[in-house]
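This report concerns the arrangement of strands and helices in a single model. The sequence and structure are shown first.

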Amino acid sequence: MSYYFAVIGTQDNPLFEYEFGTSKQGGDGQSRFTEQAHHLNQFVLHSSLDIVEEVQWMNGQLYMKVIDKFFTNYISCFMTGGSVKFLLLHQPSATASGTASATRNSTSVGANPTSPQTEEAIKNFFSEVYENYVKAIMSPFYKVNMEIRSPVFRQRVAAAGRKYL
Amino acid sequence: MASSKASRLGEEYVWRTRMDKVNAELVVLTYGAMVAQLCKDFDSDYVKVNQQLDKMGYNIGLRLIEDYLAKSNTFKRCSNFRETAEMIAKVGFKIFLNITPTITNWTSDGKQFSLVFDENPFADFVELPDDGRAQDELWYSNILCGVLRGALEMVQMQVEAKFVSDVLRGNDTTEMRISLIRYIDDELPPEDD
């Protein structure tokens, strides 16, 4: 299971990106994207911004679950009150079904991207990131729509990723 | 011991009953916005920003001392500098900011000490700009130095106050060094002629 997380500003400008892998079921927290996928991911996320615009007023929730799918990439979205988007691209490992532990994996977080467990885990991840995002932008030296360079924020996103995904 | 405990409760009482409270985040954001604006106005010349903060603090201190004396019920003049330090840390900071910095590192002549801040209500959420200089040059809470300098000057003490470390810079502690330069004698106004 590999994840690519990005924060997108109000002008659809990228503010922050972070790539990681699952830490559940003995995962080592490293992403397993292929070489070209690193670049492709950015396009995939960006293209789903149109869908975000479509669904953002549908149910009044900040967390919009899986909003888009591109081949095996699933995209979950969370939108803050200030219309900054948190997008998480998750890609179940292609090899998972072929391994001996496949039966156990099928119920695990991430193996089924639209299962309630996965939705819940991602929701928790987003909430924790949201909390830390608010702290990061409360810094007086941060300006709206500026790239988030805070190393503390990056650490905390990583920690949230390890904890929930 | 008993008397010091009684007075500790006294400060708690003053803090709870006589001081107007304000939302902590309002303070953090207001002070932060001010420092950020100063950095912008002086084109990130952090030495000048420090000076400016100190100057602002000085002007606050000149007037704040009156408020302190009125609210804290400490009319007795401090007999020595050690007592002054105690009053600053345990009464002054307590009633205005609800923190009690630790007093340490006295020099043997009793003229210099350090205040170590375990918590700094100004610095919540703050991360210094990552331009490579702010970490070495900016003293974010420098206004406090000015406040102490101004306030003590009004009670006949000329001091020098400066930060020597700050957790925002990655140091382990936030420490302010205060040195007594002299007691100011009452001076006669200069003659007109």
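The model is a predicted one. In chain A, five strands form an open sheet with antiparallel pairing, in the order β2-β1-β5-β4-β3. The edge positions belong to β2 (14-21) and β3 (63-70) of chain A; each has a single partner strand, so one side of each lacks a neighbour in the sheet. From one strand to the next, the twist averages 20°.

Within this sheet, strand β4 (residues 73-79) of chain A pairs with strand β5 (residues 85-91) of chain A in the antiparallel sense, over six bridges. One residue pair can be named: Y74(A) has H90(A) in β5(A) as its bridge partner. Helix α5 (residues 151-164) of chain A packs on the sheet, where it touches β1 (2-8) and β2 of chain A.

| Pair | Angle between directions or axes |
|---|---|
| α5(A) and β2(A) | about 40° |
| α4(A) and α5(A) | roughly 165° |

The axes of helix α4 (residues 116-137) of chain A and α5(A) come within 9 Å. Because angles over 145 degrees count as roughly antiparallel, α4(A) and α5(A) are roughly antiparallel to each other. The crossing of α4(A) past α5(A) is right-handed.

On the α4(A) side, the contact involves A121(A), N124(A), F125(A), E128(A), V129(A), N132(A) and A136(A). These meet F153(A), R156(A), V157(A), A160(A), G161(A) and Y164(A) in α5(A). By type, the residues of the contact of α4(A) with α5(A) comprise eight nonpolar, three polar and two charged.

Technical notes: Residues are numbered from 1 along each chain as its sequence is written. Chains are lettered from A and ligands numbered from 1 in the order in which they are written. This is a predicted model: local features need pLDDT of at least 70, side-chain atom pairs count only at pLDDT 80 or more; totals for chains, interfaces and linings use all residues. Two strands pair if DSSP finds at least two bridges between them. Helices (H or I, at least four residues) and strands (E, at least two) are DSSP runs, numbered from the N terminus. Axes are lines fitted to C-alpha atoms, for helices over the stretch in contact, and angles run from 0 to 180 degrees between N-to-C directions. Two residues are in contact if their C-beta atoms, placed from the backbone, lie within 7 Å. Angles under 35 degrees count as roughly parallel, over 145 as roughly antiparallel, 65 to 115 as roughly perpendicular and the rest as oblique. A crossing is left-handed if the near helix is turned anticlockwise from the far one by less than a right angle, and right-handed if clockwise. Ala, Val, Leu, Ile, Met, Phe, Trp, Tyr, Cys and Pro count as nonpolar, Asp, Glu, Lys and Arg as charged, and the others, Gly among them, as polar.
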